[in-house]
Amino acid sequence: MGSYCTRCHSTTKSGADRYSAPDDANFDSLDGIRQQAEHIEHTTASGPTGTFDFMPPRLPTIAGQPTLQERERLGQWLACGLK
Ligand code: HEC
């Protein structure tokens, strides 16, 4: 999350710094992640329901996409209730 997501999805960011990320989607805390866990699964993770790569956005100014392995680990982490 810290490597790929919180540059937009963070309570410490506002306005243009969020690149229009929704105000209620903040992943700088476990609580924030828990509230959005299902959305995260269906935008970013790889697991039983498929592989999703809608997030992070492919912006020329924002480098870096998680690897498939990282998406799989995210899927497992979400499936295990963030443990
Ligand atoms: C460059 C900024 C940026 C980065 C980096 C980014 N996002 Fe997003 N995110 C957005 C924007 C903008 C939207 C709204 C997209 C839309 O509605 O089409 C969004 C929407 C979402 C949503 C849907 C939220 C909702 O309320 O439905 C989720 C979940 C999400 N992002 C997860 C992630 C995850 C997980 C990462 C890291 C792997 C990530 N994002 C990285 C900008 C970003």
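Leaving out residues up to four places away in sequence, Pro 56 touches Tyr 4, Cys 5, Ile 62 and Gln 65. The model in which these contacts occur is a predicted one.

**Pro 56 and its surroundings**

- Pro 56 lies in the loop that runs between strand 2 and helix 3.
- The peptide bond between Met 55 and Pro 56 is cis, with an omega of about -10 degrees.
- Pro 56 has 21 C-beta neighbours inside 10 Å, and because 20 or more are required for a buried residue, Pro 56 counts as buried.
- Thr 44 is 12 residues away from Pro 56 in sequence, and the C-alpha atoms of the two are 7.3 Å apart in space.

**Ile 62, a contact partner of Pro 56**

- Ile 62 is also placed in the loop between strand 2 (50–51) and helix 3.
- When neighbours within four places in sequence are set aside, Ile 62 is in contact with Pro 56 and Pro 57.
- Ile 62 has 13 C-beta neighbours inside 10 Å and therefore counts as partly exposed, whereas Pro 56 is buried.
- Between Ile 62 and Arg 7 there are 55 positions of separation in sequence, yet their C-alpha atoms are 9.2 Å apart in space.

**The ligand shell**

- There are 22 residues around the ligand, and those that come nearest are Cys 5, Cys 8, His 39, Met 55 and Pro 56.
- Sorted by class, the shell around the ligand consists of 14 nonpolar, 6 polar and 2 charged residues.

**The chain as a whole**

- The chain contains 3 helices and 2 strands, and their order along the sequence follows the pattern α-α-β-β-α.
- A compact globule of 83 residues would have a radius of gyration near 12 Å, and the value for the chain is 12 Å, so the two agree.
- Taken along the principal axes, the C-alpha atoms fill a box of roughly 35 × 30 × 15 Å.
- Of the 83 residues in the chain, 18% count as buried.
- Among contacts in the chain with a separation of 6 or more, 43% are between residues 24 or more positions apart.

**Helix 3 and the residues that follow**

- Helix 3 comprises 12 residues (residues 68–79), which at 1.5 Å a residue should span 16 Å; its end C-alpha atoms are 16 Å apart, so expectation and model agree.
- Just after helix 3, Gly 81 adopts a positive phi of about 70 degrees.
- Leu 82 belongs to the segment after helix 3, and although it is not a glycine, it has a positive phi of about 65 degrees.
- Leu 82 is exposed, because 11 other C-beta atoms lie within 10 Å and the limit for an exposed residue is 12 or fewer.

**Tyr 19**

- Tyr 19 is located in the segment before helix 1 (30–35).
- The phi of Tyr 19 is near 50 degrees, which is a positive value in a residue other than glycine.
- With 14 other C-beta atoms within 10 Å, Tyr 19 is partly exposed.

Technical notes. Residues numbered from 1 in each chain as written. Predicted model: local features only at pLDDT ≥ 70, side-chain atom pairs only at ≥ 80, totals over all residues. Near = placed C-beta within 6 Å. Nonpolar A, V, L, I, M, F, W, Y, C, P; charged D, E, K, R; others polar. Helix = DSSP H or I, 4+ residues; strand = E, 2+ residues; numbered from the N terminus. Expected span 1.5 Å × (residues − 1). Rg over C-alpha atoms; globule rule 2.2 N^0.38 Å. Contact = placed C-beta atoms within 7 Å.
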